[in-house]
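Open the model in your viewer and keep the selection tool at hand. Each stop below says what to select and what is there.

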Amino acid sequence: MKKTAQRRSRILEVLDEHGQVNVSELSKEMGVSEVTIRNDLANLERNKLLVRAHGGAFKTNNMALPVTEKKKINLDLKRKIGKKAVSMIEENDSIILDSGTTTFEISNNLGKFERLTVISNALDIVNNLASYDNLEVMMPGGFLKEFSMSLVGPMAERNLKQLHCNKLFLGVDGFKADVGVFTHYMEEAYLNQIMIDIAEEVIVVSDSTKFKKIGLAFISGFNSVHKVITDDRIETEYVKMLERNNVEVIIAS
């Protein structure tokens, strides 16, 4: 069962990076039969994670994966980004961790702080932070969006407007060159905009694959983003684009 889960996670990772997968190539890479790969693709299609085609499968346009599946994709890169982000946090800071799989990795590395206030609208992140005795954790409340395990809506918006923080670590679903950052959901985009308004510093955390994607909902222009933490696979043209928009690029290696 564990090998099956690992194999299907790898299929989703390849799909996320390239937009399509080939049965024969996956069979050779993973050392299993093509029949096994086809069964994997059939299972993933039933869960609406891809669309099968002759000889392989395709990713649906702007597909938003459930957070449980997104956590498996590019995990090593997200862990590096998470650790780099933590190195920028100081004692006595107040920070916001937006919902997301990369911000979740930040929450895995906060045990060293003696005093830190963390605000988050993500249930999985708050649950993760519950294991630390030294953190003051705040949730804004709201309606649960199960797909992303985040709290959104008027209550969350109203409560966030009453707060202030030193640093916002913002997860995004895509970038548009010289325009800004995007997510898949309108409700989350509006909540993100409020987070940006109450933060002294806005730090986007994103693996390099997100630069080739875009979401439905606009969050913010680059004029509101101070830094982007990403991995060393980012292409030079995207680094230049961010720097052209006065955004500092930090590579997590």
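Select phenylalanine 182 and look across to β13: its bridge partner there is phenylalanine 218. Strands here are DSSP runs of E with at least two residues, helices are runs of H or I with at least four, and both are numbered from the N terminus. This is a predicted model, in which local features need pLDDT of at least 70 and side-chain atom pairs count only at pLDDT 80 or more, while totals for chains, interfaces and linings use all residues. Residues are numbered from 1 along each chain as its sequence is written, and side-chain values use heavy atoms, without hydrogens and water.

Now show strand β11, residues 180-183. Four bridges join β11 to β13, and the two run antiparallel. Two strands count as paired if DSSP finds at least two bridges between them. Widen the view to the open sheet of three strands, in the order β10-β11-β13, with antiparallel pairing. Its edge strands are β10 (174-176) and β13 (217-221), each pairing on one side only. From one strand to the next, the twist averages 35°.

Contact means heavy atoms within 4.5 Å. Axes are lines fitted to C-alpha atoms, for helices over the stretch in contact, and angles run from 0 to 180 degrees between N-to-C directions.

The largest nonpolar core has 33 residues; Leu168, Phe175, Val228 and Leu242 have the most contacts inside it. Such a core is a set of buried Ala, Val, Leu, Ile, Met, Phe, Trp, Tyr and Cys residues joined through side-chain atoms within 4.5 Å. Buried means under 20% relative accessible area, exposed over 50%, and partly exposed in between, with a 1.4 Å probe and protein chains only. Which helix gives the most to this core? Helix α9 does, with six residues. Apart from this core lies another, of 24 residues, among them Ile89, Phe169, Ile203 and Val205.

Select phenylalanine 175. Beyond four places in sequence, its contacts include Val204, Phe211, Lys213 and Val228. Step to lysine 213, in the loop between β12 and β13. Is lysine 213 buried or exposed? Lysine 213 counts as buried, because its relative accessibility is 19%. Leaving out residues up to four places away in sequence, lysine 213 touches Asp16, Lys59, Asp173, Gly174 and Phe175.

Move to strand β4, residues 94-97. Both faces of β4 are covered: Ser94 and Ile96 on one side, Ile95 and Leu97 on the other, are all buried. Strand β4 pairs with β5 (residues 116-120) in the parallel sense, over four bridges. The partner of isoleucine 95 in β5 is valine 118.

Pick alanine 85, in helix α5 (residues 75-86). Alanine 85 is buried, at a relative accessible area of 0%.

Last stop: helices α2 (residues 23-30) and α3 (residues 34-46). They pack at about 115°, with axes 9 Å apart. So α2 is roughly perpendicular to α3, a label for angles of 65 to 115 degrees. Show the side chains where Val23, Ser24, Leu26, Ser27 and Met30 in α2 meet Glu34, Ile37, Arg38 and Leu41 in α3.

How values were computed:
Angles under 35 degrees count as roughly parallel, over 145 as roughly antiparallel, 65 to 115 as roughly perpendicular and the rest as oblique.
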